[in-house]
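Please examine the sequence and the three-dimensional structure shown below. The explanation that follows leads through selected parts of the structure in turn.

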Amino acid sequence: MNYDAKMQEQMSIIPEGEHLLLHACCAPCTSGCLEHIANHFKISILFYNPNITDREEYNKRLNELKRFLNEFKTKYPIDVIDGEYNAKKFFEISKGLEDEPERGKRCYKCYDLRIEETARIADQLGFRYFTTTLSLSPHKNADWVNEIGEKQNNNYNTTFLYCDFKKREGYKRSIELSKIYNLYRQDYCGWIYSKKEAEQRKK
């Protein structure tokens, strides 16, 4: 499925200036996504990532996102909504899946946790549309991201904007923007086990 084409099809019939809630995992991924949608939507960004189980790392990524948005020029102003920091939720959903490889069952549950919360808040705050930056990374499963997003259309009064932001060189552009804005690019997804794996790779 070409989810980028589906997104463009949706945007062709959505009036410019509609409100969209964008779930963001970090500043680098956000940078590549905004170039695709920031001139079409009025965007608020939700930073909700309980998978980042170290509070210091969580704050570092959140503050870097806010710094980037202060410097990155868009047609409409973008504000940031601080989601609840609750690493306990991630440990609960990943129980028994600690040894799963990246892109395994644990990752699916992680996507589901974050995307559903985005849909819930979008509904609560009256956003007509929502989506996520998760599909930008080549390490993330875009089929899962869109499957989960589409599922929330039936659970909440808001509509998922299909996405595969790595298309049209989105990931490559995020690397370029990271250099331009000197963004912190983490080398692990967030939770303590992935951090240990990253440290072992470096050794």
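The lining of the largest cavity consists of 5 nonpolar, 1 polar and 4 charged residues; here Ala, Val, Leu, Ile, Met, Phe, Trp, Tyr, Cys and Pro count as nonpolar, Asp, Glu, Lys and Arg as charged, and the others, Gly among them, as polar. Among these lining residues are Phe90, Glu102, Arg106 and Cys189. Helix 5 supplies the largest share of the lining, 5 residues. This cavity has a volume of about 100 Å³. A cavity is a set of points on a 1 Å grid over the protein atoms alone where a 1.4 Å probe fits but cannot get out, and lining residues have an atom within 4 Å of a point.

The model is predicted: local features need pLDDT of at least 70, side-chain atom pairs count only at pLDDT 80 or more, and totals for chains, interfaces and linings use all residues. Residues are numbered from 1 along each chain as its sequence is written, and side-chain values use heavy atoms, with hydrogens and water left out.

Helix 6 spans residues 142–152, and its buried residues are Ala142, Val145, Asn146, Ile148, Gly149 and Gln152. Buried means under 20% relative accessible area, exposed over 50%, and partly exposed in between (1.4 Å probe, protein chains only).

Lys6 belongs to helix 1. Lys6 counts as partly exposed because its relative accessibility is 26%. Lys6 and Tyr162 are 156 residues apart along the chain, yet their C-alpha atoms are separated by 6.2 Å.

Definitions and conventions. Helix = DSSP H or I, 4+ residues; strand = E, 2+ residues; numbered from the N terminus. 1 Å grid on protein atoms, 1.4 Å probe; cavity = no way out; pocket = protein on both sides within 12 Å on 5 of 7 lines; lining within 4 Å. Points joined across faces, edges and corners; volume = space filled by probe spheres on them.
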